[in-house]
Amino acid sequence: MKHPLVLKYLSGREETVNLLRPFHPRDKQLQIELLRCPEEVSVPLAEICYIMVLDKSGWQLPSKEGELVEHIETTTGDEFDLRVPTQNYKSGFYGFPIDQNASYRNIFFTFSGIRQRREERPLSDILEERGWLQENAIEEVLDEQEQLRSRRVGEIIAEKTDLPFEKIEEIALQTDQASSNHKVRIGDLLIQAGLVSRDQVEEAIETQSSGKRKRVGELLIEKELITEEQLLVALSAKFRMPIVDLQSIEPTTEALDSLTKNMVMQLKVLPISLDGNHLTVATSDPTDPTIGDNLRFFTNLSIDFVAAPAKEIREALETYYGETGEEDGQIADLLGELSNEQIDIDEEGDEGFDSSVSETDSQIITLVNHILLDGFRKGASDIHFEPGLGNLPLQIRYRIDGICNVAHQIASSHKRAMISRIKIISKLDIAERRKPQSGKIVMRSDRRKIEYRVETTPTAGGQEDAVLRILSSSQPLGINELGFTEENRSVFAEMLEKPYGIVLCVGPTGSGKTTTLHSALSHINTPERKIWTAEDPIEITQAGLRQVQVNPKIGFTFDQALRSFLRADPDVIMIGEMRDAETAKIAIEASLTGHLVFSTLHTNSAPETVVRLIEMGMDPYNFANALIGVLAQRLARRLCKGCREAYQPTQEELDRLQHHYGVEHYKKHGHPTDPGQVTLYRAKGCDECGKSGYHGRISIHELLPSSETVRRAIKENIMLEDLRDQAIENGMHTLLMDGISKILDGHTDLEQILRVCM
């Protein structure tokens with residue numbers, strides 16, 4: 001029986017699925033059916049943040065006896081108030097709704113997906129329950145806390161000097177009546193009047209600030225109502241964090257090596273053990289979730305916390321890391337010695353280095369530079385900066401091999417500064433936070449030039465997201481390296497030998513269209529040919545090409561560039577994208593007047609491209625005569641060659657491949673129908689591929705060459721389905737056909753092909 005679930009991945013992705021087999025917390029995988037395509041897949045529990053069970057048929061809310069309400073916050077930013085019974089699972093825990101009418105039955109949280117969990121009952125109740133605090137003592141402390149938070153600077157100055165508070169109020173009142181500027185601070189007024197010194201005012205401001213920061217626990221200890229150890233026990237119970245005795249524990253070498261000295265000193269934590277991807281860390285402050293945010297960012301590990309007294313942690317740090325001292329710095333300490341590599345950012349228009357920049361500013365600069373370089377080194381195509389609402393952290397995700405994964409999480413206190421830094425180096429208006437902006441960053445590192453295309457977008461809660469597309473000035477591939485089947489490679493090479501006409505490469509953003517077109521240009525790039533390209537942006541550079549960056553902001557668009565090229569004696573023209581009918585018409589006219597034209601279009605398939613251009617108003621006769629061919633393509637994740645696992649498919653699996661390929665054409669094209677004759681491969685996971693089972697991507701193609709039949713069909717305005725069927729009869733392999741052929745060759749699996757082709 002199928003059970004509907006909502007899966008929330010650690011990456012932040014959410015998907016509704018059907019559970020096909022019963023799940024137990026000791027299981028390492030879930031067997032599910034995807035709703036977007038009815039396929040059975042296995043999902044590792046290590047990738048899951050939580051599992052929400054939706055099926056409530058015949059279910060009653062369990063007894064509430066002995067269960068406490070917890071507030072649960074996940075690393076993906078979700079928050080729940082649930083009843084959590086006592087459990088002893090190693091992988092996670094179940095939570096049950098408070099309300100019988102909730103939309104779900106229960107939720108299983110993995111420990112890897114928990115940012116913080118805490119009991120909803122007050123800390124004072126826990127202390128009173130253990131007999132450490134008298135019943136009414138908390139009221140006095142809460143009153144004192146309120147007084148500290150509401151104290152004014154003038155009151156503090158009056159207490160610390162001989163100046164009467166009435167005199168201070170009188171000066172403030174006189175200033176208010178004489179001036180409409182109500183933002184003048186009382187401290188500045190008293191300094192101007194010669195009644196107090198600057199040091200006295202700054203001391204009063206610091207006293208006010210520290211009083212506002214004081215928590216109930218600190219006040220209870222100051223008043224000697226409880227001890228520090230009793231407070232830690234109560235906090236560990238409230239925040240569901242076990243207490244350990246560090247004097248009886250010896251941290252492992254692997255754990256100690258996982259964190260730098262600067263980081264443990266700054267965060268006041270002690271790494272205890274490292275088990276696979278789980279790092280156990282001792283802290284004396286269970287209330288601070290940013291400690292976990294920073295540790296996850298630096299280590300890219302799942303953090304399991306235990307609590308220990310601050311004194312024991314200090315002693316352990318001195319034992320294992322040497323003298324602690326008082327080391328300053330925030331983010332730079334967290335990064336440690338990440339890289340000695342020289343990094344330069346082009347900041348045109350700057351008058352050199354600003355000597356007024358603060359240490360915190362320089363740390364933000366270092367952190368942003370590191371993330372940009374880290375994303376490039378890990379093969380990301382895009383870097384996503386996603387600030388959370390309120391006090392939630394800044395989440396940084398890398399898109400690698402087409403999949404977004406959380407790479408780092410940074411404390412919320414730094415998120416605005418980081419977005420501002422990105423806007424500064426991409427030359428955007430940092431004061432404008434209400435509308436999207438576009439820019440670019442140029443970084444030089446180890447003699448490499450790396451360009452980032454930047455897009456900032458306002459998001460909920462007054463935040464701004466930034467997405468950086470990485471353009472690394474790479475070299476073009478040869479057409480033999482594009483992943484074509486031998487038949488498609490031969491046909492595509494023939495298309496490139498045509499003296500004039502138009503070749504279109506189509507597919508969604510990020511499907512490799514630009515790479516393919518530059519490979520085509522490289523194939524025909526000879527001294528005898530004059531080749532012009534108009535691109536936005538220029539992602540790949542080639543010697544011998546005259547490459548032009550269009551700039552719509554100043555009115556220099558693709559159609560204007562194309563008109564200019566036609567007056568500059570071209571043989572070959574490449575237009576980065578046909579964004580409008582005007583550009584398409586000029587490109588087709590150019591191809592009919594003796595020029596070879598290449599361009600891209602955002603359509604899903606080769607036959608659809610033909611129909612779309614006719615619908616855009618292209619003349620069917622001119623287009624039919626101009627068209628050389630259309631190449632549709634996708635990029636699918638490639639199975640890791642180092643760990644892929646061979647297996648014999650069942651008849652059911654092979655039937656599924658035939659179904660998606662088309663049974664008639666599957667047999668016609670000579671593919672095996674006996675499972676015993678087929679060896680497929682599946683993802684396993686190793687260190688080289690980051691335990692994902694996939695490494696790199698493989699291209700999937702659908703090549704529609706022009707022919708007499710195709711030209712006649714275009715002129716007759718044939719329907720899309722009829723054109724597709726005619727093209728297949730003429731030998732075209734659809735994207736699914738090409739993808740399944742590559743499954744049979746062991747390059748990928750059906751899940752990845754369906755993800756990009758359906």
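Figure 1. Across the protein chain, the pLDDT averages 83. At least 70 is the score of 88% of the residues. Residues 324-340 also have a pLDDT below 50. That stretch has 39 contacts in the model beyond near neighbours in sequence. Where pLDDT is low, predicted coordinates should not be read in detail.

**Figure 2. The protein chain as a whole contains both helices and strands.** The secondary structure comes to 27 helices and 29 strands. The chain has 758 residues, and 49% of them are buried. Consider the contacts with a separation of 6 or more: 64% of them are between residues 24 or more positions apart.

**Figure 3. Strands β6, β7 and β8 are linked by antiparallel pairing.** Strand β6 covers residues 68-74, and strand β7 covers residues 79-84. Six bridges join β6 to β7. Leu68 has Val84 in β7 as its bridge partner. The two strands form a hairpin with four residues between them. Gly77 sits in the turn and has a positive phi of about 95°. On to the next strand. β7 also pairs with β8 (residues 92-97), over two bridges. Here Arg83 stands opposite Phe96 in β8.

**Figure 4. Seven strands build an open, mixed sheet.** The order is β23-β22-β24-β25-β21-β26-β29. From one strand to the next, the twist averages 15°. Which strands stand at the edges? They are β23 (545-549) and β29 (694-705). Each has a single partner strand, so one side of each is left without a neighbour in the sheet. The partner of β29 is β26 (residues 627-639), and the two pair in the antiparallel sense over ten bridges. One of the residues involved is Leu631, whose bridge partner in β29 is Leu703. Strands of a sheet pair through backbone hydrogen bonds, either parallel or antiparallel.

**Figure 5. Helices α17 and α27 lie across strands of the sheet.** Helix α17 spans residues 513-524. The strands it lies across are β21 (501-506), β22 (531-535), β23, β24 (572-575), β25 (596-601) and β26. Its direction is at about 170° to β25. Helix α27 spans residues 750-757 and lies across β26 and β29. The angle between α27 and β26 is about 135°.

**Figure 6. Ser591 is a buried residue in helix α19.** Helix α19 runs over residues 581-592. Why does Ser591 count as buried? Its relative accessibility is 1%, and buried means under 20%. Leaving aside neighbours within four places in sequence, Ser591 is in contact with Tyr500, Gly501, Ile502, Val597 and Ala626.

**Figure 7. Leu657 is buried in helix α22.** Helix α22 covers residues 651-661. The relative accessibility of Leu657 is 3%. What does Leu657 touch, not counting residues up to four places away in sequence? The list is Leu680, Ile740, Ile743, Leu744 and Leu750. Sequence distance and spatial distance can be set side by side for Leu657 and Met737. They are 80 residues apart in sequence and 9.4 Å apart in space, C-alpha to C-alpha.

**Figure 8. Helices α22 and α26 meet, with their axes coming within 9 Å.** Helix α26 covers residues 735-744. The axes cross at roughly 155°. An angle over 145 degrees counts as roughly antiparallel, so this label applies to α22 and α26. From α22, the residues in the contact are Leu657, His660 and Tyr661. From α26, they are Leu736, Met737, Ile740, Ser741, Ile743 and Leu744. Seven of the contact residues are nonpolar, two are polar and none is charged.

**Figure 9. Helix α27 is mostly covered.** Six of its eight residues are buried. They are Leu750, Gln752, Ile753, Leu754, Val756 and Cys757. What covers these buried residues? The cover includes strands β26 and β29, along with helices α22 and α26.

Notes:
Residues are numbered from 1 along each chain as its sequence is written. This is a predicted model: local features need pLDDT of at least 70, side-chain atom pairs count only at pLDDT 80 or more; totals for chains, interfaces and linings use all residues. Side-chain values use heavy atoms; hydrogens and water are left out. pLDDT is the predictor's confidence in each residue, from 0 to 100. Contact means heavy atoms within 4.5 Å. Two strands pair if DSSP finds at least two bridges between them. Axes are lines fitted to C-alpha atoms, for helices over the stretch in contact, and angles run from 0 to 180 degrees between N-to-C directions. Buried means under 20% relative accessible area, exposed over 50%, partly exposed in between (1.4 Å probe, protein chains only). Angles under 35 degrees count as roughly parallel, over 145 as roughly antiparallel, 65 to 115 as roughly perpendicular and the rest as oblique. Ala, Val, Leu, Ile, Met, Phe, Trp, Tyr, Cys and Pro count as nonpolar, Asp, Glu, Lys and Arg as charged, and the others, Gly among them, as polar.
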